[in-house]
Amino acid sequence: MCMANWSDLPYDTLQHLTSFLPIQDYLRFGAVCRNWRIVAKQKCHSPAQQIPWLALGEMEDTKKRKFYNLLEDRHYYLDVPELRGKAFCGSSYGWLFTLDRKLNFHLVNPLTKECYDLPPPPIPSDYSNRHEEIRRYFEAESDDEDAHGHTRELFERLKRCMVPKAILDYDPSKRSDFTVVILEAQKGTPAFWKPGSNAWTAITGVPHLLDDITFFEGKFYAVRGRLENNYLANNYSAIYTFDVGSNHEATKVELEVLHACDPNYVAGYRSNSFSYLVVFDNELLLVERIISLDDITRDFFVHKLDLGGNNYSKCQDINKHTIFMGVSSAVVISPSQFFIA
C-alpha cells in the first residue's frame, strides 16, 4: 500500500487549503516543508476569519512583536521589520496602522509585509507650544531616554493620541481603490486618503469630538454621543453619514438615539460614556459604553438602528455573537464560525 506524499500535493490544491487557515495555522503550514513554504509565501488568500488577536508590545532584545491569541491562550512572537519601533493606531481587515517616532504613518499587512505610506497626521494643537522640543526629538539619531529625558515621554504621549481612529472601507489585498479614513486628534473630525494622494482631505459638516466611524453598505457613518464629566450637552447620540466622492460634506441622519442610561445613575458613578458603531448581521448597531472616571466600564446599552426609517430599537439579543470592544473600535465575532475542541 502506497503512502501519500503530502509534500508533493499540487500547488493549486495547497493554495486552496490556505484559504481555510487562521493566522496561527497559516504560519505552521509554511513550516511543514519546502513546497508548502513556497505556497505560504505566495499568500494567495487572506487568513480565514478568526477570533481577533491582541497586538501587544515589542520585545526589547529581539525586536519581535508580541501578539496574544485568546482562543489558544498563547502568545506569538512575530518578526515583522515593518512593525519595529512602531505604535499601533488601529486595525482593519487584518491591516495595521502604525506610527513611528518621526511621525511616519503607514498601513501594514503583518502577514504579507505589504506597506502603504500615508501622509503624516496633524499634530494636536495642545502640543503647538512644544514644537521645538518635538522637532529636536525627531531629528535625533536615537530615542535613548538618557539622551532626551522627558522629551521621549512627551513623544510617547503624543504618539498615543495622534490618531484616535483609523479604518478602511475595503481590504487593500482585494481592491486597489480603497480608502483610509481617520479621526484627526486635533478636532476629532474625519479626513480621508486614497492611494496616489499626497494629503488628507477633510470631511466637513460634522461636529468636533466624534466618538467613532464605521463603513456600512457603501457609506461611512460617524457618531457623536459623548458624555463627559457628568454633562450631557444633548441627551442623545447624533449619527452622520458621508462618502468620499466629489462631495466631502457629511449629512446628519434624521435619527437621534436617546442615551439609554439614567443621568442620575451616571452621575452617581461620576461617569463618562462613549458610543461605538458596530456592523452586525447586515445591520448597524450603536453601543453605548458607560465608563467611570477611574476607567472602569460600568455598563453597555445596545441599540439597533433603522437608517431607512430614521428609527431605532433596544437590542436585547445578539444571537450568541460576541462584540469585542477596544479603546476606540469594536468588532463582532460569531462563535458558530469557529470549531473549538
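Modeller: Of the 341 residues of the protein chain, 41% count as buried. The model is predicted.

Biologist: What does the secondary structure of the protein chain come to?

Modeller: Seven helices and 21 strands. The protein chain exposes about 18,500 Å². Carbon and sulfur atoms supply 49% of that area.

Biologist: How many contacts join residues at least 24 apart?

Modeller: The share is 44%, among contacts between residues at least 6 apart in sequence.

Biologist: Why is N282 called exposed?

Modeller: Exposed means over 50% relative accessible area. N282 has 67% relative accessibility, so N282 counts as exposed. N282 sits in the loop that links strand 16 (271-280) to strand 17 (283-292).

Biologist: What makes the phi of N282 worth a remark?

Modeller: Most residues other than glycine have a negative phi. For N282, phi is near 65°, a positive value, and N282 is not a glycine. N310 also has a positive phi, about 50°, without being a glycine.

Biologist: Why is S334 called buried?

Modeller: Buried means under 20%. The relative accessible area of S334 is 10%, so S334 is buried. S334 lies in the segment after strand 21 (330-333). The C-alpha atoms of S334 and N319 are separated by 8.6 Å, and these residues are 15 apart along the chain.

Biologist: How do you know that D79 and R84 form a salt bridge?

Modeller: The cut-off is 4 Å, from a side-chain nitrogen of Lys or Arg to a carboxyl oxygen of Asp or Glu. The N to O distance for D79 and R84 is 2.7 Å, and their side chains meet in a salt bridge. D79 has a relative accessible area of 38% and is therefore partly exposed. R84 is at 37%, so R84 is partly exposed as well.

Biologist: How many salt bridges does the structure hold?

Modeller: Five. One of them joins D177 to R175, with the closest N and O atoms 2.8 Å apart. Another joins K252 to E256, with 3.3 Å between the closest N and O atoms.

Biologist: Why are K252 and E256 called partly exposed?

Modeller: K252 is at 32% relative accessibility, so it counts as partly exposed. E256 has a relative accessible area of 37%, so it takes that label too. For the other pair, D177 has 44% and R175 has 34%. D177 is partly exposed, and so is R175.

Biologist: What is the order of the strands in the open sheet of four?

Modeller: The order is 4-5-6-7, with antiparallel pairing.

Biologist: Why are strand 4 and strand 7 said to stand at the edges?

Modeller: Strand 4 (87-92) and strand 7 (115-118) each have a single partner strand, so one side of each is left without a neighbour in the sheet. Neighbouring strands of this sheet are turned by 25° against each other on average, direction ignored.

Biologist: Which strands pair with strand 9?

Modeller: Strand 8 (residues 165-168) pairs with strand 9 over four bridges. Strand 10 (residues 190-193) pairs with strand 9 over four bridges too. Both pairings are antiparallel. V180 in strand 9 is the bridge partner of L168. P190 in strand 10 is the bridge partner of L183.

Biologist: Which way do the residues of strand 9 point?

Modeller: V180 and I182 point one way, V181 and L183 the other way. All are buried.

Biologist: Where does the hairpin of strand 9 and strand 10 take a positive phi?

Modeller: At G188, with phi near 70°. The hairpin has six residues between the strands.

Terms used:
Residues are numbered from 1 along each chain as its sequence is written. This is a predicted model: local features need pLDDT of at least 70, side-chain atom pairs count only at pLDDT 80 or more; totals for chains, interfaces and linings use all residues. Side-chain values use heavy atoms; hydrogens and water are left out. Helices (H or I, at least four residues) and strands (E, at least two) are DSSP runs, numbered from the N terminus. Buried means under 20% relative accessible area, exposed over 50%, partly exposed in between (1.4 Å probe, protein chains only). Contact means heavy atoms within 4.5 Å. Accessible areas come from the Shrake-Rupley method with a 1.4 Å probe; for residues, only the protein chains shown count as cover. Two strands pair if DSSP finds at least two bridges between them. Axes are lines fitted to C-alpha atoms, for helices over the stretch in contact, and angles run from 0 to 180 degrees between N-to-C directions.
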